[in-house]
Each structure stands twice: as structure tokens, then as C-alpha cells.
Amino acid sequence: MSGSKIIAVVGATGAQGGGLARAILSDPRGGFSVRALTRHPESGAARDLAARGARVVAADLDDAASVREAFEGAWGAFCVTNFWEHFSPEREEAQAAHMAEAAARAGLAHVVWSTLEDVRRFVPLSDPSIPTLHGKYKVPHFDGKGASDRQFTERGLPVTFVLASFYWENLIHFGMGPRRLEDGGLALTFPMADRTLTGIAAEDIGKCVYGVFLRGPALAGKHIGLAGDALTGERMAAALGEAIGEPVAYRPLSFEAYRALGFPGADDLGNMFQFYCDFEELLAQSRSPEASRELNPELEDFRAWLAVNASRIPLL
């Protein structure tokens, strides 16, 4: 890969960054190489990337100097934060500032920032329709990212904003899969009423981001929403039932009931689902499977994802 453009991939051993790193490494003619940033360069995931041709470097988003060093000499960077590691929007904003500063100092040609809507732009803190959390957020894991967009724009960076959808993998790792009822049947219990939910396979996010890098700085300033499919709870349950080989009913919860479930982040996620429902049209317009497929021709819809992953979904 001598002479290729270096992409510094933040979170290279995680869901979004890992998908991007693998997409780049799988396309030796694409003209890019991977500098994989991770706090744990000795991890199995990091070693796997190194074996595939990535250069793995240690970097910590809380350590501005390490991020500056990791971005130096790169052509572009993929920037992402992980709210669920620490549950702190303030920490996300500080990490975004470190990445934006490092990108500016390195003079990067193209930055892709994985962001989400700042829900407070649509539902002010004074509006009680969606409860305010911690005195200053509506959906903390959205708001911190959306508020951090300015870190990149105010520095005049050539940045493309990508907005992910609901991960299908949440059915595997986040306890959102079908649950066993007292009568022995299975039910999907999302607080989505009869509204449509946009979703995507985590690996496809990285592949779509690679499509953004292939198109280059011409996409700077653009907001690109990513989705592999858009389904109601009824349709999701039907597809799950077919893939699992056992009927799955859809049992929508109220937002209040979901917020009261008590697990860490339940109030945040309950508010997220309410935002999805209350602003269904906005989310559908901003996240297009058709546009995502133009970036990533291998994009999987929900049924295609289930064909490979249904057996991994725990039936709780």
C-alpha cells in the first residue's frame, strides 16, 4: 500500500470503526490504508487488523496529545465516540474537541464525523412532551454528538457528517431481542407504537463511510443519514419469527413504561424511541436505504441481516 492515503480510524476495534477498517483493507485498489486507533493495541481485534495490513497505534480520546500524534501525517480521519462506555455527553463533547483539534493541526483533507441529531433543536428543554434528563438533555447519547458538530465546523474542517440508525445488533447485545412470555410465546417489546424504525447492520455503517471516503472532500459539509431498512414493529416481529422459526408477536410498550425499566440508560433510550416516533417523517427523510446503497452496494436489509445473524439473537 505504498503511496496510499492514510485514514486514521478512531474506534478501529469497535462497531463503526471496525467496519470501516475492514472495508478499506478489503479493497487494496481503493487507494487507502488504515491507521487503526485503539486504546488496546494488544487486543485480539487489534491484532486481527494488523494481520490484515493495518498499522495499529495506541490512542486515547481523553488524551489530546495522543490523538494529535495519531492523526499526524494522515490524509483523512474517521471520528466517532462511544457514549455507552461512560454515559457522559460532556465527555463525548471533550473527545470530539480533541479529534477536531487534531484534524485541524494535521491539515487533514477529509474528516468523517459520526454524529446524531441534537434533539433539543426539535424539542426544547422547556417542552415537557419528552422528559428532560439530567437538567439539560432530551436524548443524552444523541445530544452530546449533535452539539459536538460545531467542534468540526468552527475549525473550518472538510467534514462529512454521517448519522447512523438503530443497530440491528442491538437485538443481540443490548437485550432488545424477543422475550419469552408467561405462555411460552415470544414477543418483541419495542416502544414504537405503529411507527417505522430505520435500522442498519453495524458493519454496513463502516462500509457506507468507506463509500464517503471514496467520493472524497466533495462531500464535505454534507449530512448523510445511513439506513439499511425501515420497518414497523409488526414487520420486524414477522421477519424475526420467520428467521427464528417460531412466531414472534409485537407488543409495543409505552414510552413511560420503557423509561421505567430501570436498566442503565433506559430513560435515555425511552426518550430516543419517543423521538423516533414523534419525528418519524424527519428520520425517514434523513436516512435513506436507497442513498446508503449507493455508498455501499452490499447493504443488507433486515431480512438479509437475519439470514446470517438470527441464531445469535438470545431469546430472553
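Mentor: We shall discuss the sheet, the salt bridges and several individual residues.

Mentor: This is a predicted model, in which local features need pLDDT of at least 70 and side-chain atom pairs count only at pLDDT 80 or more, while totals for chains, interfaces and linings use all residues. Residues are numbered from 1 along each chain as its sequence is written, and side-chain values use heavy atoms, with hydrogens and water left out.

Trainee: What is the order of the strands in the open sheet?

Mentor: Strands of a sheet pair through backbone hydrogen bonds, either parallel or antiparallel. Helices (H or I, at least four residues) and strands (E, at least two) are DSSP runs, numbered from the N terminus, and two strands pair if DSSP finds at least two bridges between them. Here, 7 strands form an open sheet with parallel pairing, in the order S3-S2-S1-S4-S5-S6-S11. At the edges stand strand S3 (55–58) and strand S11 (223–225), each with a single partner strand, so one side of each has no neighbour in the sheet. From one strand to the next, the twist averages 20°.

Trainee: Over how many bridges do strand S1 and strand S2 pair?

Mentor: Strand S1 (residues 5–9) and strand S2 (residues 32–38) pair over 5 bridges, in the parallel sense. Lys5 stands opposite Phe32 in S2.

Trainee: Which strands does H1 lie across?

Mentor: Contact means heavy atoms within 4.5 Å. Axes are lines fitted to C-alpha atoms, for helices over the stretch in contact, and angles run from 0 to 180 degrees between N-to-C directions. H1 lies across S1, S2, S4 and S5, and runs at about 155° to S2.

Trainee: What does the side chain of His86 reach?

Mentor: A polar contact is a pair of N or O atoms within 3.5 Å; within protein, one must be able to donate a hydrogen and the other to accept it, and residues adjacent in sequence count only if both atoms are side-chain atoms. The His86 side chain reaches the backbone oxygen of Asn82 at 3.3 Å and the backbone nitrogen of Ser88 at 3.0 Å. His86 lies in the loop between strand S4 (76–79) and helix H4 (89–106), and counts as buried at 16% relative accessibility.

Trainee: How many salt bridges does a search of the whole structure find?

Mentor: A salt bridge is a side-chain nitrogen of Lys or Arg within 4 Å of a carboxyl oxygen of Asp or Glu. The search finds 15. One of them joins the side chains of Lys136 and Glu90 (3.0 Å, N to O). Lys136 lies in the loop between S5 and H5 and Glu90 in helix H4, so this pair ties together parts 46 residues apart in sequence.

Trainee: Where is His134 found, and what is its phi?

Mentor: His134 is found in the loop between strand S5 (110–115) and helix H5 (140–147). Its phi is near 55°, a positive value in a residue other than glycine. His134 is exposed, with a relative accessible area of 63%.

Terms used
Buried < 20%, exposed > 50% of the residue type's maximum accessible area, 1.4 Å probe, protein only.
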